Every structure is written in C-alpha cells, then in structure tokens.
Amino acid sequence: MRLFGRKDEEQEAGETGDGIAGFWTWWQEARPGLDSMVASGAAEGLEELLAPAVEAVHPGLVWEVAPGKNAAHALVVTAAGDAELRSLAHRWAKAAPPADLLWEFHPSRQANAQALELTLDVGGYEFALDKLMLGLRVPRDQPRVDVSAYHPIFGELDEETRMEAALLALDWLLGEDDVARWVGEITPATFQPIDSVAAVHLAAVVADLASGYTEEEWLLLEGQTGSGAPLVATARHPLRPVDYPLFDQHIAITLPYAHRDENGLPIGDSLAALRDFEERLAARLLKLRDDAVLAAHLSAEGHRIIHVYADPTGDAAIHAKELIVSWEEGEPRVDVAADPAWTAVVPFLT
C-alpha cells in the first residue's frame with residue numbers, strides 16, 4: 001500500500017491562504033477610502049487601490065465593481081474562465097467578511113437583471129445588449145447550448161474583440177458560472193443567423209435545458225488505452241468542475257484485480273470485490289458530501305482507477321488511504337495531487 005502526493009502541495013496551499021488573508025486584512029484597512037471613492041464615482045482611484053491588492057492574491061485574477069444583488073455594490077474577483085484559478089477565486093470569496101448594505105462579494109460575474117439596458121464602449125463602438133441576437137442550438141442528448149452571437153457592430157471589430165464582447169454579454173445575461181455550466185461553443189458572428197432570437201430569451205432556453213438534468217446520472221463508456229487495450233469507464237454526467245469549485249484536489253485510487261477476461265477487464269470475484277469497494281467508498285463520500293465527489297472510474301489491463309475530487313482542507317484523502325488497507329488483490333495505491341482544472345479526467349468532462 002502506498003500513498004503519494006505532491007511535496008509542494010501544502011506549501012502552495014499555505015501561500016494561497018496567506019495571499020487571501022492578506023487581501024482581507026488590507027480590505028478592512030482600506031475600506032473607508034474605498035467607500036468614499038465608490039460614493040464619489042472616482043473610478044481611477046478605485047483601480048489604483050484594488051488592482052495591486054487583487055494581483056497580490058494572483059496576477060491572473062480579474063476584478064470589477066458591479067451593482068450588488070442585496071448590497072449597493074458587489075466586488076467580483078473572478079478567474080474569468082481560467083479553470084486553474086477558479087478554486088482560488090472561490091476561496092477568496094469564502095474568506096470574505098459578511099455582506100452589508102454597501103458591499104457584497106462574488107467569485108464570478110453574476111447575472112445582471114438590467115443587462116439589456118446596458119450599453120458599453122467596445123472598440124470605439126456602442127455595444128447595446130438589447131441589439132444582441134443569438135442563434136441557439138442544443139445538440140441531441142447533450143447538456144449544453146451552442147451559441148452564435150451577432151451584434152451590428154461585430155463586423156467592425158476584430159475576432160478577439162468580438163469574442164470578448166460576446167463572452168461578457170453572456171456573463172451578464174446568465175452569470176459566469178452558468179455560462180461555464182451550460183454554454184458550449186460560442187461563435188461571434190458578423191452576419192445575423194437565420195434562426196436567431198433576441199438575447200432576452202437565452203435564460204429561458206438554458207432553464208429548460210437544465211430541467212432535464214436535475215437527477216444524478218452516470219454514463220458507461222468504452223474505449224482503448226494508449227497501447228490499444230480495451231477500456232471500460234463509468235463517469236458522472238454531466239461532469240463539470242464549475243459544479244465543485246473548491247474540489248481542486250485529485251485523489252486517484254488504483255486497484256489491481258486478479259480475475260480478468262482475455263481483454264484485461266474484471267470478472268467474477270474481482271468484479272464483486274470492486275463493486276463492494278466502491279459501495280464502501282460511496283458511503284464514505286456521502287458523509288463528506290460537501291468535501292468530495294466521485295467523478296469517474298475506469299478499468300483496463302488488470303487495474304481499476306477511481307477518480308475522486310475533493311476539497312484539500314477535508315479528509316477525503318485520509319478516507320481513501322484507510323479504505324485501501326482492506327484490498328487483497330495486489331498492491332493498491334492512492335495518488336494525491338492538486339488539479340484545479342480537473343486535467344486527470346478531461347476525457348470525461350462535459
């Protein structure tokens with residue numbers, strides 16, 4: 001039995017925690033000045049104070065001050081689509097002080113109820129969201145909607161600016177997390193799609209799509225390993241890191257099995273033992289519902305690999321280590337590593 005882990009994982013976690021704690025210490029000290037600047041509309045002064053403070057947490061984070069849902073203002077510090085930084089942004093928000101009448105805090109852009117009333121300057125042109133038209137396509141049996149976005153100014157903009165404008169508009173219409181959760185391909189179009197609808201209808205289309213995925217589902221998949229051996233996998237569906245933003249620790253449990261068919265897949269007593277192990281693992285994870293999730297498992301070439309993602313501040317890795325002690329078919333192992341982008345299960349991500 002072996003337990004593996006990245007040597008620098010605890011050190012990195014400590015540095016992350018120090019950066020977040022440092023921000024909130026600074027926030028309490030700078031709060032009177034920030035309140036004054038927001039009240040007076042001194043945007044430049046606000047940027048001079050906030051930009052270096054957010055950069056000290058991580059240079060890749062993006063911040064903005066937006067209208068709040070319950071407070072007058074919302075401070076948003078977001079990963080802006082960078083999967084590697086999503087958990088950091090959520091840990092920043094988790095450490096925030098309680099919201100009050102003036103400030104609330106979010107780790108992602110929130111849907112703006114007045115989005116269609118907004119007009120921005122994009123590349124020197126007026127980008128009014130009420131003129132945004134969307135071509136929407138829901139692929140069969142897929143939990144996503146592909147979006148073709150058209151605006152009259154898109155023909156005047158370069159490709160990168162069009163995409164940035166489309167992404168920002170979708171974030172305001174749905175909220176950044178729901179864009180990551182439900183929106184698939186995004187195509188900024190310079191010609192209006194024939195079947196396009198006004199942007200106001202996007203939320204209703206997404207809500208209808210989401211209503212079909214309220215129950216836990218699992219998919220059975222077949223494929224091949226790099227060496228060409230048959231592979232069978234079972235994966236949670238939909239499987240999306242955005243649903244578990246604090247689960248950036250990957251726990252891989254590898255169980256060798258003795259009884260296999262000619263393709264190297266488990267049979268007989270080994271299959272029964274694997275099912276028993278996963279039932280016991282599921283029971284443990286049920287108690288850790290807020291700390292860990294079973295993402296997928298696959299069998300090939302005499303080994304089953306079980307992929308669990310967890311909050312590194314929880315005890316999921318300890319439970320995995322305790323469970324493999326009872327495994328009798330070969331030497332099991334547990335590998336633990338930081339994986340905020342869920343790169344270990346990329347083939348199974350929705």
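Biologist: Which residues of H3 are buried?

Modeller: Start with the term. Buried means under 20% relative accessible area, exposed means over 50%, and partly exposed lies in between, with a 1.4 Å probe and protein chains only. In H3, the buried residues are Arg-86, Ser-87, Leu-88, Ala-89, His-90, Arg-91, Trp-92 and Ala-93. Across the chain, 46% of the 350 residues are buried.

Biologist: What kind of model is this, and what are its limits?

Modeller: It is a predicted model, where local features need pLDDT of at least 70 and side-chain atom pairs count only at pLDDT 80 or more, while totals for chains, interfaces and linings use all residues. Residues are numbered from 1 along each chain as its sequence is written, and side-chain values use heavy atoms, with hydrogens and water left out.

Biologist: What is the mean pLDDT of the chain?

Modeller: pLDDT is the predictor's confidence in each residue, from 0 to 100. The chain has a mean of 91, and 95% of its residues reach 70 or more.

Biologist: Where does pLDDT stay under 50?

Modeller: Over residues 1–11. Where pLDDT is low, the predicted coordinates should not be read in detail. The model has 26 contacts beyond four places in sequence for residues 1–11. Contact means heavy atoms within 4.5 Å.

Biologist: How many helices and strands does the chain have?

Modeller: Helices (H or I, at least four residues) and strands (E, at least two) are DSSP runs, numbered from the N terminus. Here there are 8 helices and 16 strands. The C-alpha atoms fill a box of roughly 70 × 55 × 30 Å along the principal axes. Take contacts between residues at least 6 apart in sequence: 69% of them join residues at least 24 apart.

Biologist: At what angle do H4 and H6 pack?

Modeller: Axes are lines fitted to C-alpha atoms, for helices over the stretch in contact, and angles run from 0 to 180 degrees between N-to-C directions. H4 (residues 159–174) and H6 (residues 202–210) pack at about 65°, with axes 9 Å apart. Under 35 degrees counts as roughly parallel, over 145 as roughly antiparallel, 65 to 115 as roughly perpendicular and the rest as oblique. H4 and H6 are therefore roughly perpendicular.

Biologist: Which residues make the contact of H4 and H6?

Modeller: H4 gives Leu-170, Leu-173 and Leu-174, and H6 gives Leu-202, Ala-203 and Val-206. Classes come next: Ala, Val, Leu, Ile, Met, Phe, Trp, Tyr, Cys and Pro count as nonpolar, Asp, Glu, Lys and Arg as charged, and the others, Gly among them, as polar. The contact of H4 with H6 has 6 nonpolar, no polar and no charged residues.

Biologist: Is Leu-173 buried or exposed?

Modeller: Leu-173 is buried, with a relative accessible area of 15%. Leaving out residues up to four places away in sequence, Leu-173 touches Ala-111, Ala-115, Leu-116, Leu-132, Ala-199 and Leu-202.

Biologist: How do I read a second pair, and at what angle do H7 and H8 cross?

Modeller: The axes of H7 (residues 268–287) and H8 (residues 316–324) come within 11 Å and cross at roughly 150°. That makes H7 roughly antiparallel to H8. The contact uses Phe-277, Arg-280, Leu-281 and Arg-284 of H7, with His-319, Glu-322, Leu-323 and Ile-324 of H8. By class, the contact of H7 with H8 has 4 nonpolar, 1 polar and 3 charged residues.

Biologist: Turn to the backbone. Which residues does a cis peptide bond join?

Modeller: His-237 and Pro-238, with omega about -5°. Pro-238 lies in the loop between strand E12 (230–237) and strand E13 (249–256).

Biologist: What is phi of Ala-80?

Modeller: Near 55°, a positive value in a residue other than glycine. Ala-80 sits in the loop between strand E3 (73–78) and H3. Ala-80 is partly exposed, at 42% relative accessibility. Glu-301 is not a glycine either, and its phi is positive, about 50°. Glu-301 is in the loop between strand E14 (292–300) and strand E15 (303–310), and counts as partly exposed at 40% relative accessibility.

Biologist: Where is Glu-216?

Modeller: In the loop between H6 and strand E11 (217–224). Glu-216 is exposed, with a relative accessible area of 57%. Glu-216 and Arg-31 are 185 residues apart along the chain, and their C-alpha atoms are separated by 43 Å.
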